[in-house]
Amino acid sequence: MNWIIEKSNKLRFHTNLEVLLVPIVSRIRTLKWFVSDLDLNTDALSYLPIGHDQNYYILDSKEMDLCRKINPQVVWGYLAAFDRHTDIKFDRNSLPYVEGNSEIWDSSNWLLDNSLIEMICWDSSYTIIKFKEQEVSDKWRQLFDEAIDLDVWTTKQRSKAIIDVYPRPCEPSPKKRYDPSP
């Protein structure tokens with residue numbers, strides 16, 4: 001129930017929210033979203049409830065639907081969906097992040113434990129999407145049949161004998177931690 005998209009003819013760009021969320025658009029109405037580690041491209045930034053001015057955002061279903069419709073390109077970012085009645089638990093001093101985080105490539109690892117969906121946008125090159133609900137995953141997978149099982153993909157990447165150049169998404173990396181000192 002965990003997928004990665006490397007290439008897709010269905011997307012104009014990676015993390016094309018308008019298209020990626022089509023199979024689960026009715027489910028969006030029952031969710032709230034946590035967004036962090038965000039870098040995005042759009043000419044409609046002033047209309048979005050997200051941007052570059054905060055470290056994280058919590059969006060209700062209407063705000064996420066607006067993001068889907070305006071369709072910014074999320075270059076880097078972490079998006080997690082929760083049932084709208086769930087209390088989102090996270091550490092403000094150690095927010096979920098994508099760049100340099102080897103944990104995102106592990107399908108058994110969820111950056112926020114009680115999330116139902118995680119979407120990880122990695123450098124406009126990969127989109128990882130994880131589901132806890134089989135029915136939602138199956139519905140999404142019907143549209144994105146080119147998506148690769150994340151475990152299969154990471155096993156294949158680890159077994160390749162390739163030159164050690166950045167990015168090597170499956171290599172361990174040090175955890176980025178908040179340091180309050182100046």
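Q: Let's start with β5. How many of the six residues of strand β5 are buried?
A: This is a predicted model. In strand β5 (residues 117-122), six of the six residues are buried, so the strand is largely enclosed by the rest of the structure.

Q: Which residues are on which side of β5?
A: Ile 117, Met 119 and Cys 121 are on one side, and Glu 118, Ile 120 and Trp 122 are on the other. All of these are buried, and both faces of β5 are covered.

Q: How many bridges does β5 have with β4, and in what sense do they pair?
A: There are five bridges between β4 and β5, in the antiparallel sense.

Q: What sits between the strands in the hairpin of β5 and β6?
A: Three residues lie between them, and Asp 123 in this hairpin takes a positive phi near 55°.

Q: Zooming out, what is the strand order in the sheet?
A: The order is β3-β2-β4-β5-β6-β1-β7, seven strands in an open sheet with antiparallel pairing. The edge strands, each pairing on one side only, are β3 (56-59) and β7 (148-149).

Q: What joins β1 to β7?
A: Two bridges do, with strand β1 (residues 2-5) and β7 running antiparallel. Opposite Trp 3 stands Asp 149 in β7.

Q: Which strands does helix α3 lie across?
A: Helix α3 (residues 61-70) lies across β2, β3 and β4, and runs at about 110° to β3.

Q: Now rings. How many aromatic pairs does the count come to?
A: The count comes to 12 aromatic pairs. Phe 34 and Tyr 78 form an edge-to-face pair, because their ring planes are at 65° and the cut-off for that class is over 60. The centres of these two rings are 6.4 Å apart.

Q: Where do Phe 34 and Tyr 78 lie?
A: Phe 34 is in strand β2 (residues 31-41) and Tyr 78 is in strand β4 (residues 73-83), so the pair ties together parts 44 residues apart in sequence.

Q: Are they buried or exposed, starting with Phe 34?
A: Phe 34 is buried, at 0% relative accessible area. Tyr 78 also counts as buried, with 0% relative accessibility.

Q: What about Tyr 126 and Trp 153, how far apart are the ring centres?
A: They are 5.1 Å apart, and the planes are at 65°, so the pair is edge-to-face. Tyr 126 lies in strand β6 (residues 126-131) and Trp 153 in helix α5 (residues 150-159), so parts 27 residues apart in sequence are tied together. Tyr 126 counts as buried at 14% relative accessibility, and Trp 153 is buried at 2%.

Q: Which residues do ring pairs link into a cluster with those two?
A: Trp 76, Trp 105 and Trp 122 are linked with Tyr 126 and Trp 153.

Q: What lies over the face of Trp 110?
A: Lys 132 does, at 4.6 Å from the ring centre.

Q: Change of topic: how many salt bridges does the structure hold?
A: Five. One of them joins Lys 10 and Asp 145, whose closest N and O atoms are 3.1 Å apart. Lys 10 is in the loop between β1 and α1 (17-20) and Asp 145 in the loop between α4 (134-143) and β7, so the pair ties together parts 135 residues apart in sequence.

Q: Which residues are in the network of salt bridges with Lys 10?
A: Asp 145 and Glu 146 are linked with Lys 10 in that network. Lys 10 is partly exposed at 34% relative accessible area, while Asp 145 counts as exposed at 52%.

Q: What does Arg 27 meet in a salt bridge?
A: Glu 133, at 2.7 Å from N to O. Arg 27 lies in helix α2 (residues 25-28) and Glu 133 in the loop between β6 and α4, so this pair ties together parts 106 residues apart in sequence. Arg 27 is buried, at 19%, and Glu 133 is partly exposed, at 27%.

Q: Last one: how are Asp 65 and Arg 68 placed in helix α3?
A: They are three residues apart, which means a separation of about one helical turn. Their side chains meet in a salt bridge at 2.9 Å, N to O. Asp 65 counts as buried at 17% relative accessibility, and Arg 68 counts as buried at 12%.

Notes
Residues numbered from 1 in each chain as written. Predicted model: local features only at pLDDT ≥ 70, side-chain atom pairs only at ≥ 80, totals over all residues. Heavy atoms only, no water. Phe/Tyr/Trp six-rings, centres within 6.5 Å; stacked < 30°, edge-to-face > 60°. Helix = DSSP H or I, 4+ residues; strand = E, 2+ residues; numbered from the N terminus. Buried < 20%, exposed > 50% of the residue type's maximum accessible area, 1.4 Å probe, protein only. Lys NZ or Arg CZ within 6 Å of the ring centre and 35° of its normal. Pairing = 2+ DSSP bridges. Contact = heavy atoms within 4.5 Å. Axes fitted to C-alpha atoms, helices over the stretch in contact; angles between N-to-C directions. Salt bridge = Lys/Arg side-chain N within 4 Å of Asp/Glu carboxyl O.
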